[in-house]
Amino acid sequence: MAGTRQPTDLVVVNGRKHLTKAEIEARRAAEVKAPTPQSKRVKPPAYLPKSLHKKFRSLAKQLIEIGILAEIDYDCLARYLLAEQAYLAVTDQVGRVIANQAISLLDDLSKTQTRYFNQCSRAAADLGLTISSRCRLVVPKPPEDEAAGDPINAVLGRKRRRKA
């Protein structure tokens, strides 16, 4: 059973699969890469409540620095923040119900809490906000050396041959 498709640079650096230069170029050409945001000013989506704008900008800035977030991902980040806000609100209600010993309400609230928790954790994993998801998203970069002029040789770690 085949695993998930990995970026070409990661496949080459791992060294488990031997690709020709043509195969490397073909794989790179087929990869979809989202452009990084053009503006340093990150604009939250209009539907995001004002109370979450500061957190949105903070997380977006960190994810852009890592190289994970693109402009097309802003909605995903906003949905994560909305799910987190809903989860925290329900968790607060669960705490009050337990304190008031109104156990009859607890079953429905705990189901709702679980639903929001699952939404929040799935969105966090998609964005690379968890340790395990960041490990899957990071592509190791090969060391810079003399072969930097030729991108294939740089990835493969080969040195350029000098003519005598």
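Let's start with helix H3, which runs over residues 53-66: its 14 residues reach 20 Å from the first C-alpha to the last, close to the 20 Å expected at 1.5 Å a residue. Keep in mind that this is a predicted model.

- Which residues of H3 are buried? They are His 53, Phe 56, Leu 59, Ala 60 and Leu 63.
- What do the buried residues of H3 pack against? Their partners are helix H4 (74-99) and helix H5 (103-127).
- Just after H3 comes Gly 67, and it takes a positive phi of about 95°.

**The largest nonpolar core**

- How many residues does the largest nonpolar core have? It has 19, and the ones with the most contacts inside it are Phe 56, Leu 69, Leu 77, Tyr 80 and Leu 81.
- H3, H4 and H5 are the elements that give two or more residues to this core.
- H4 supplies the largest share of the core, with seven residues.
- Take Leu 81 from that list: setting aside neighbours within four places in sequence, Leu 81 is in contact with Leu 48, Leu 52, Lys 55, Phe 56 and Leu 59.

**Aromatic pairs**

- The count of aromatic pairs comes to two.
- One of them joins Phe 56 and Tyr 74 in an edge-to-face pair, with 5.7 Å from centre to centre and 85° between the planes.
- Phe 56 belongs to helix H3 and Tyr 74 to helix H4, so this pair ties together parts that are 18 residues apart in sequence.

**Glu 84, a buried residue in H4**

- You'll find Glu 84 in helix H4.
- With a relative accessible area of 16%, Glu 84 counts as buried, because the cut-off for buried is under 20%.
- Which side chain does Glu 84 meet in a polar contact of 2.8 Å? The partner is the side chain of Lys 55.
- Leaving out neighbours within four places in sequence, the residues in contact with Glu 84 are Lys 55 and Cys 120.

**Cys 76, also in H4**

- Cys 76 lies in helix H4, and at 18% relative accessible area Cys 76 is buried.
- Along the sequence, Cys 76 and Leu 127 are 51 residues apart, while their C-alpha atoms are 7.6 Å apart in space.
- Not counting residues up to four places away in sequence, Cys 76 touches Asp 126 and Leu 127.

- His 53 is in helix H3 and is buried, with a relative accessible area of 15%.
- What is His 53 in contact with, once neighbours within four places in sequence are left aside? The residues are Pro 44, Pro 45 and Leu 48.
- Lys 61 lies in helix H3 too, but Lys 61 counts as exposed, at 53% relative accessibility.
- Lys 61 and Arg 41 are 20 residues apart along the chain, and 9.0 Å separates their C-alpha atoms.

Note on methods: Residues are numbered from 1 along each chain as its sequence is written. This is a predicted model: local features need pLDDT of at least 70, side-chain atom pairs count only at pLDDT 80 or more; totals for chains, interfaces and linings use all residues. Side-chain values use heavy atoms; hydrogens and water are left out. Helices (H or I, at least four residues) and strands (E, at least two) are DSSP runs, numbered from the N terminus. The expected span of a helix is 1.5 Å times one less than its number of residues. Buried means under 20% relative accessible area, exposed over 50%, partly exposed in between (1.4 Å probe, protein chains only). Contact means heavy atoms within 4.5 Å. A nonpolar core is a set of buried Ala, Val, Leu, Ile, Met, Phe, Trp, Tyr and Cys residues joined through side-chain atoms within 4.5 Å. A polar contact is a pair of N or O atoms within 3.5 Å; within protein, one must be able to donate a hydrogen and the other to accept it, and residues adjacent in sequence count only if both atoms are side-chain atoms. Rings of Phe, Tyr and Trp (its six-membered ring) pair if their centres lie within 6.5 Å; planes under 30 degrees apart count as stacked, over 60 as edge-to-face and the rest as tilted.
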